[in-house]
Structures are given as structure tokens and as C-alpha cells.
Amino acid sequence: MDANNRPRQLDSPVVARLIKVGSRLNTMVYRATGGRLGNTWRVGAALHKPVPVCLLTTTGRKTGKPRTAPLLYLRDGENFVVVASQGGLAHHPAWYLNLRADPAVTIEVGRDRHELLARTADEAERARLWPKLVDVYADFDTYDAWTEREIPVVICEPATD
């Protein structure tokens, strides 16, 4: 992908719909197979270097219902790190808005479920994690170049009592 040439069709409602449908299908296949299928992303920079996929479940800020999104992730100690890039679209993904309203999330990796609290990385954490995320999936840098918003890096960590 070319960071200097943002696709014109990226803002099309068709692209948003394709992302939504693709996410739902990936979630269904992932759950039906216990993560044997749908557990890696193999598009763009990941074509030859697959990236692991988890399922992140948030609580809908408007509906109160569980909402699940398949996301690329990075392990950072006991934390899971995800990126609210949405392919470089101009607005934050719904899952990110949901976790800002209610930080209690569930992450599934295979059949393992992790109950976590999500928060946006602060400036220093983002500076430390961003190069690691780009190493996992180089297209994050391209997405960053395609949008004027700062793409949030989200840290999902075990709750401390």
C-alpha cells in the first residue's frame, strides 16, 4: 500500500459495509472453529507475514448489547494491545467508542477468554508500542498517513483489585 496515495473509495459507505460484513463473518468462523480459522490476518503487509487475530467484545454504548470485532493484536507482557485504525478511515471504529464508554472487555484467543479493562495508551506508552505494532503489521503506518486523527493504541489489561 502507498502511504502517499490514499484510496478515494476508502470513505465510501460500501467500504464501511464490507468491513462490517467481513468482521461478522470472521467472528462467526473464528468462534465456530475455536479460532482454528480466522485467527490470522493475511492482507497487505501480512500477506507473507500473517498477524494474529483476537476477538474483542465490548458493550454497545447505545444498545448495551455485546459487540464483537476481530482485531490484530500484540502481546505486551500480560496485556493485549490493539489498534483503532479502521484501515485509516477518518473516524474511530465503534468498538473503540464502546470501550471508552465502558472499559470492561473480553478478548478471545482461540478458545481462551480474558476478562480485561481497556484504556487508551498515554503518549509515552504509544511511543513505545507503536514501533512494535508496525513491526507486527507495517500497514498501520500507512493507515496513520491516510488519516488526520491520531490512531488510538488500546491496552487491555487484567483488572487489579
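Residues are numbered from 1 along each chain as its sequence is written, and side-chain values use heavy atoms, with hydrogens and water left out. Because this is a predicted model, local features need pLDDT of at least 70 and side-chain atom pairs count only at pLDDT 80 or more, while totals for chains, interfaces and linings use all residues.

Me: Is Thr-57 buried or exposed?
Reply: Thr-57 sits in strand S2, residues 51-59; strands (E, at least two residues) and helices (H or I, at least four) are DSSP runs numbered from the N terminus. Buried means under 20% relative accessible area, exposed over 50%, and partly exposed in between, with a 1.4 Å probe and protein chains only. Thr-57 has 14% relative accessibility, so the residue counts as buried.

Me: With which side chain does the side chain of Thr-57 make a polar contact?
Reply: A polar contact is a pair of N or O atoms within 3.5 Å; within protein, one must be able to donate a hydrogen and the other to accept it, and residues adjacent in sequence count only if both atoms are side-chain atoms. For Thr-57, the distance is 3.4 Å, and the partner is the side chain of Arg-31.

Me: What is the distance of the polar contact between the side chains of Glu-108 and Arg-31?
Reply: Glu-108 belongs to strand S6, residues 104-109, and is buried because its relative accessible area is 7%. Leaving out residues up to four places away in sequence, Glu-108 touches several residues (heavy atoms within 4.5 Å), including Tyr-30, Arg-31 and Thr-57. The polar contact between the side chains of Glu-108 and Arg-31 is at 2.6 Å.

Me: Which residue in S3 is the bridge partner of Thr-58?
Reply: S2 and strand S3 (residues 66-72) pair in the antiparallel sense over seven bridges, where pairing needs at least two bridges found by DSSP. Their hairpin has six residues between the strands, and Gly-64 there takes a positive phi near 75°. In S3, the bridge partner of Thr-58 is Arg-67.

Me: What is the phi of Gln-86 near?
Reply: Gln-86 lies in the loop between strand S5 (79-83) and helix H2 (94-101). Its phi is positive in a residue other than glycine, near 50°.

Me: What is the relative accessibility of Met-28?
Reply: Met-28 is part of helix H1, residues 13-32. Met-28 counts as exposed because its relative accessibility is 55%.
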